[in-house]
Amino acid sequence: MKRNSGPEPVAPGRTAFFWDESFLWGLMSYKALRENNLSFDLLRSEDIKNGALNGYAMLFVPGGWASNKIKSLGETAAAEIRRFVEDGGSYLGFCGGAGLATLDGIGLLDVRRKPTRERVPSFSGRIRLDIREHPIWNGLPAGEIGSDSPAVFHAWWPSQFVVDQGIDVLASYGDALSDSFSSDLNVGDTSTNGNWAGLEKLYGINLDPTRLLNDPAVVEGRYGKGKVILSLLHFDTPGDRDGHAVLRNLWRYLGGIEHREASDLTEKGSAGIDLLEAVSGLEARVGELISLGIRNFLWFWRNPMLLQWRRGVRGLEYCTLHVMTKEIAGMIRAGAEADIRDRIDRIRALLNTFVDDAARLLVRERLAMQNGHITYDRCDVPEIVELRTRLFSNSKSHGGLFKELIDEMDEVLFLLLRSGRSQGLKTGQPG
């Protein structure tokens, strides 16, 4: 692996945003970047494979399953990313996008991910950081070394890193805040009144957030001439003012300064009545699932894009479906135009089947919780096992009918986002 020891200046330039296999996390980043007037172009695996990174200063990869991103890229596009960074391009990855660049992924940095048995696999929420002096913290009270103001940011079910020599740790984990969660356990309540060791034995996984203490959270290294920053924190979390300040610093540090003026809604001819009715129907069907989960005490909203769910059911999949559906409907109502009529029809057919089966599954999972301990992948009720396999497959990463459905939705969303950006549209807000 080639590295240069000294930092290289990066001229102001364009940023490529790798879209594939990001779904909810891609939308979260998209909205945060638009909100902060940070410039970027959306690219897919096929674009990268065909040399589209030429002329960019930085590649940004949002969250999502790193393993699915690797499959999407294939070896040709992965080699293009390595060439791009080796020749002086910058790489920025959040969570799954960070995992993509490790030795477990395409190998930009000597960083490995801890095995699941050694880490806290289900932590989410706010956590303090011990930060090192670096330009990405500029302008934050906590960015001044010795400041009394703690650096607090959001982690959403992150991995944990093991770093080699030559890697700079820009921030490490401190204490989890009381409003964070480990699995479905509130950290403040459990730390005060519970027993982490006993709960870990019951749940069969590591839960105690003190296991995160001092582990690297944000790291930097070099691959050839290029800078690489990997973050297990989500600086793109909705409403996180300090996180968004770090986003702006990252764009300045890795890609040069390229702000643009915020775009206003452009008046367009409205979509056809049949298309508007179709997307309203999609929203209503997904809304049925979200409401069912709320009234059965299976989940609640933590922010406009993320649910907190009970152990024993899946939750990320349902909030992903909700947010993507709302975004598609909002963009169509705002006037974004693309050739999507046939795709919307396919989505409607898939979604109707998914919602019918998922509603049965959620009610049966809720009842099974009353009879014993179940997890998202372990249950001895045959009907639940059959429904789970059909809807999600046996993988923790996206699979089954759900993956088929969100792949179709992702294609529509990508076409609308690209159309909306060319028309100067503001996208709809999920909620």
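E408 is buried, at 17% relative accessible area. Buried means under 20% relative accessible area, exposed means over 50%, and partly exposed is in between, with a 1.4 Å probe and protein chains only. Keep in mind that this is a predicted model, where local features need pLDDT of at least 70 and side-chain atom pairs count only at pLDDT 80 or more, while totals for chains, interfaces and linings use all residues. Residues are numbered from 1 along each chain as its sequence is written, and side-chain values use heavy atoms, with hydrogens and water left out.

Back to E408. Which side chain does E408 meet in a salt bridge? The partner is R343, at 3.2 Å from N to O. A salt bridge here is a side-chain nitrogen of Lys or Arg within 4 Å of a carboxyl oxygen of Asp or Glu. This pair links distant parts of the chain. R343 is in helix 10, E408 is in helix 12 (residues 400-423), and 65 residues separate them. Helices are DSSP runs of H or I, at least four residues, and strands are runs of E, at least two, numbered from the N terminus. R343 has 24% relative accessibility, so R343 counts as partly exposed.

Some salt bridges share partners. D20, R44, D410 and E411 are joined that way into one network. The whole structure holds 31 salt bridges. Side chains of opposite charge can pair when their charged atoms come close.

Now a local case. E288 bridges to R285, with the closest N and O atoms 3.0 Å apart. Why are these two about one helical turn apart? Because they are 3 residues apart in helix 8 (residues 273-295). E288 is partly exposed at 40% relative accessibility. R285 is buried at 19%.

Next, E317 and R314. Their closest N and O atoms are 2.8 Å apart, in a salt bridge. Both ends are buried: E317 at 6% relative accessibility, R314 at 10%.

On to the rings. There are 20 aromatic pairs. Rings of Phe, Tyr and Trp (its six-membered ring) pair if their centres lie within 6.5 Å; planes under 30 degrees apart count as stacked, over 60 as edge-to-face, and the rest as tilted. Take F354 and F392. Their ring centres are 5.9 Å apart and their planes are at 85°, so the pair is edge-to-face. This pair also links distant parts of the chain. F354 is in helix 10 (residues 341-371), F392 is in helix 11 (residues 382-392), and they are 38 residues apart. F354 is buried at 0% relative accessible area, and F392 is buried at 2%.

Ring pairs link F17, W19, Y30, F40, F60, F94, W137, F153, F235 and W251.

Charges also sit over rings. The cut-off: NZ of Lys or CZ of Arg within 6 Å of the ring centre and within 35 degrees of the ring normal. The charged end of R14 sits over Y56, 4.2 Å from the ring centre. K227 lies over the face of Y253, at 3.9 Å from the ring centre.

Last, confidence. pLDDT is the predictor's confidence in each residue, from 0 to 100. The chain averages 90, and 89% of the residues score at least 70. Where does pLDDT stay under 50? One stretch is residues 261-269, with 21 contacts beyond four places in sequence. A contact means heavy atoms within 4.5 Å. Residues 422-431 are also below 50, with 40 contacts in the model beyond near neighbours in sequence.
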